[in-house]
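Please read this note with the sequence and the model side by side.

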Amino acid sequence: MSSAEPLLADALAAARGTDVRAAERTLDALVVADGAAVDTALLTRLSRAVGRLWPRGWQPVDLDRLATRRLSPRGARLLRDALAAQRRGLPAPVPAWFDEQLTELGARWDADAGWLDRRADGDRITALRDAVDALVLVEGLPPIALLRPPPGAVAVPLAAAPATGSRMLDRVRALLAKAESSGYPAEAEAFTAKAQELMARHSIDAALLDATAERPDQPGGMRLGTDAPYAAAKALLIQEVAAANRCESVWSDDLGFATVLGFPADLAAVDLLHTSLLVQATAAMLRGRSGRGAGSGRSGRGTDSDRSGRGMRSGRRTKGYDESFLNAFALRIGERLRAASVAATEERDDERLLPVLASRSDAVRSRADQLFPGTTRHRLQVRDSEGWSSGTTAADRASLDANRPAPRPVHGRPPR
C-alpha cells in the first residue's frame, strides 16, 4: 500500500460525510502529499471502481450521462479518463459496442505521468476535489438492469442493440432533421409523416422476417436520458413513444434515464422518433410560452418589491405551463402514434402478422417483468390548463399521416 492510499481513503470517507471542515482537511493532506503517488492511487481506485460497474448493468454512456449531470465538467472529464485507463487492462475479447461507446465519449488515454495536473489547469486542489467527487459517485452507484453482456462475459444474447447503420434509418434521420429545422408546419408534417411510415413498415418487415429465422432476435434494451428541466414530462414522452412501438419503458428518476425494452427495429424507431418529437415539442412550447407572455402582459409601474414578487409568480406560472404543455403533448402524440401503428398493421395483408406481433409483445413484457419486478407508477400532475390545451393542440399539428387531415384539437379540462 502506497503512502497516498490511506490519505485517499480518509478523503473519501470525509467527502461522504457532512463535516465540511473535515473534508477540507483531508483534501489538504492530499495536496501536500507526493503528487505522483496520489495520482496513481486515484487512477487505480477509479479504474477498479468503474470496472466493477460493468457486470452490474452499467455501460460507459450511462456512467458519462450521470457524471455530466452530477459532477463538474472537469469531474466528468476525469471519469472519462478513468474509463479509458480501465479499458487498457481488459482481457480480450472486448465487445465492439463497448469500444464504440468509449470512442463516442472521446475517452482516450495518453500517459499515466502527470494525469491530474494535465486536467488541473493550474488549480490542483480543485482538480483533486473533482476527482474525489467522481470516485464517491462511482463507488456509490447501485446495480441496474443488465442490457448487454459486459466485457469478459460470455456473449449470450441477453439483449440486442437497435440497428443504427441501415440505409432506411439514415433516410429516417434525414427526414426528421428536415422536420425539426423547417419553419413551415405543413412541410414539417410531411417529413414526419414519411419518417413514421418508413419506420412502421420496417418494423413489420423485421418482425415477419425474424419469425422464420433459425435464431430469432430476443428483446433488447437501451437507456434514454431524462435530464432536468421537466424530467417527468420527458419520461412520459419516452413511455408514449415506446408503447406505440411495442416497447416497454421504465423510468429511473434518481439516475436520470428511462430504460426502454423491445426488439431491435422497434428500439431504433423509439430512439429516432422520441428525439425528434422532443425537439419539436420544446420548440412548440417555447413559441406558445412567448405568445402567452405577449398576450398577458400588463401595463403600469410598480415598486421593486412588486416587480420582484411578480417575477417570482411569473416563473412559477411559466414552469406550470411548460410542464402541462409537455405532458399534454406526450399523451396526445402517444394516442396518434398508436393509431398510426394500428393503421400500418391493418394495411399489411398477411395472416401471420398479428400472431407474430402478439408473441413479440408478450416477450417484451416478460423481459420487463424479469428486469423490473418492483416498479411503481408515477402520478401525472397538471397545474396549468392553458399549457395543457396548447400542448394538445401542438401534438395534433404534428401530423403523422400525410394522407389524412390532422384530427380536430381536443378541447376540455385536463385530467385530475
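1. Leaving aside residues up to four places away in sequence, R124 touches G35, V38, D39, L116 and D117, where contact means heavy atoms within 4.5 Å. The place of R124 is in helix α8, which spans residues 124-139; helices here are DSSP runs of H or I with at least four residues, strands are E runs of at least two, and both are numbered from the N terminus.

2. Before going further, please keep in mind that this is a predicted model, in which local features need pLDDT of at least 70 and side-chain atom pairs count only at pLDDT 80 or more, while totals for chains, interfaces and linings use all residues. Residues are numbered from 1 along each chain as its sequence is written, and side-chain values use heavy atoms, with hydrogens and water left out.

3. Is R124 buried or exposed? R124 is buried, because its relative accessible area is 17%, and buried means under 20%, exposed over 50%, and partly exposed in between, for a 1.4 Å probe and protein chains only.

4. The side chain of R124 makes a polar contact of 2.9 Å with the side chain of D39, and another polar contact, of 2.8 Å, joins the side chains of R124 and D117. A polar contact is a pair of N or O atoms within 3.5 Å; within protein, one atom must be able to donate a hydrogen and the other to accept it, and residues adjacent in sequence count only if both atoms are side-chain atoms.

5. R124 and D117 also form a salt bridge, with the closest N and O atoms 2.8 Å apart; the term stands for a side-chain nitrogen of Lys or Arg within 4 Å of a carboxyl oxygen of Asp or Glu. Of these two partners, D117 counts as partly exposed at 45% relative accessibility, whereas R124 counts as buried at 17%. Elsewhere, salt bridges that share partners join R16, R45 and E139 into one network.

6. How many salt bridges does the structure hold? The structure holds 20 salt bridges, and one of them links E24 with R129, whose closest N and O atoms are 3.1 Å apart. E24 lies in helix α2 (residues 20-32) and R129 in helix α8, so this pair ties together parts that are 105 residues apart in sequence. E24 is partly exposed, with a relative accessible area of 30%, and R129 is partly exposed as well, at 28%.

7. A further salt bridge brings together the side chains of R352 and D350, at 2.8 Å from N to O, and R352 counts as partly exposed at 41% relative accessibility.
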